[in-house]
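Here are my notes for you, as numbered points. Have the viewer open while you read, and check each one as you go.

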Amino acid sequence: MGATSGPADTRIMGIVHGALRRDLDRTRTALTSEPRPLGRQRRALGEHVVWMMDFLHHHHSGEDEGLWPLVRERNPAAGPLLDSLEADHHRIVPAMETMTAAGRRYADTTTDEARLELVAALDELNEVLVPHLDREVEEGMPVVSKSITQAEWQAWDEATNIKPKSFAQLGLEGHWLLDDIDPEGYQIVVHLVPPVPRFIIIRGFARAYRRRAAARWQPDLSVTRAEM
């Protein structure tokens with residue numbers, strides 16, 4: 001990662017955003033393609049939608065409550081940009097709440113109406129979320145990198161994204177970030193943690209992640225159309 005006294009390495013932010021966009025795209029494809037998700041897949045997909053919205057909520061809260069105040073302190077001139085990014089977060093909240101409610105209904109029912117409702121909620125979310133994710137990486141992260149050091153970035157990340165979570169949460173989140181990632185991104189993600197826990201996370205949670213991913217993205221062959 002380089003010297004901790006140097007500029008913050010914010011590349012992980014693009015990786016996190018990429019993982020969110022990847023699975024939101026996968027979700028829409030699953031919802032609008034044949035065969036439609038049934039049984040276990042439908043439940044797993046709806047639950048994953050709820051999980052992503054919870055993850056996104058904590059992601060934005062960590063920026064608003066920890067990262068942006070630190071950057072403001074180090075670089076007051078960044079204030080207008082940070083105000084704008086924080087305002088984006090507030091504008092996205094209603095779409096996230098709609099998405100969460102639609103995901104829960106989809107997981108708990110078998111109606112096609114719930115599927116169409118979730119597709120509409122997803123489109124509404126993407127309309128406000130995707131431009132923000134792009135702008136945060138393209139405009140926000142260069143300012144963050146120039147404003148705080150790598151040590152300060154790591155301290156914020158540890159306090160916000162690592163310490164509050166269990167080892168199991170970190171393991172599954174790590175594999176979620178690594179899903180379909182390029183070689184450079186892989187190295188960035190795996191070196192966020194020291195060698196021993198890195199080995200445990202990579203080896204110990206791979207099977208659990210693959211099982212969960214298969215449940216949401218692969219059809220449940222135990223359910224037939226006649227059982228809808």
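1. Is His60 buried or exposed? His60 is buried, with a relative accessible area of 4%; buried means under 20%, exposed over 50% and partly exposed in between, using a 1.4 Å probe and protein chains only. You'll find His60 in helix 2, residues 39–74 (helices are DSSP runs of H or I, at least four residues, numbered from the N terminus). Leaving aside residues up to four places away in sequence, His60 touches His89, Ile92, Met96, Leu129 and His132, where contact means heavy atoms within 4.5 Å.

2. A quick word on what you're looking at: this is a predicted model, where local features need pLDDT of at least 70, side-chain atom pairs count only at pLDDT 80 or more, and totals for chains, interfaces and linings use all residues. Residues are numbered from 1 along each chain as its sequence is written, and side-chain values use heavy atoms, with hydrogens and water left out.

3. Now look at helix 5, residues 150–162, where Gln150, Glu152, Trp153, Trp156, Asp157 and Ile162 are buried. The cover over these buried residues includes helix 1 (11–32), helix 2, helix 4 (112–147) and helix 6 (167–178).

4. How do helix 2 and helix 5 pack? Their angle is about 160 degrees and their axes are 10 Å apart (axes are lines fitted to C-alpha atoms over the stretch in contact, and angles run from 0 to 180 degrees between N-to-C directions). That makes the two helices roughly antiparallel, a label for angles over 145 degrees. On the helix 2 side the contact uses Gly62, Glu63, Gly66, Leu67, Leu70 and Arg74, and on the helix 5 side Glu152, Trp153, Trp156 and Thr160.

5. Next, salt bridges: the whole structure has 18 of them, each a side-chain nitrogen of Lys or Arg within 4 Å of a carboxyl oxygen of Asp or Glu. Take Arg72 and Asp83, whose closest N and O atoms are 2.6 Å apart. Arg72 lies in helix 2 and Asp83 in helix 3 (residues 79–108), so this pair ties together parts that are 11 residues apart in sequence. Arg72 is partly exposed at 27%, and Asp83 is partly exposed at 43%.

6. Another one to find is Glu117 with Arg105, at 2.4 Å between the closest N and O atoms. Glu117 sits in helix 4 and Arg105 in helix 3, 12 residues apart. Both are partly exposed: Glu117 at 29% and Arg105 at 41%.

Conventions
Angles under 35 degrees count as roughly parallel, over 145 as roughly antiparallel, 65 to 115 as roughly perpendicular and the rest as oblique.
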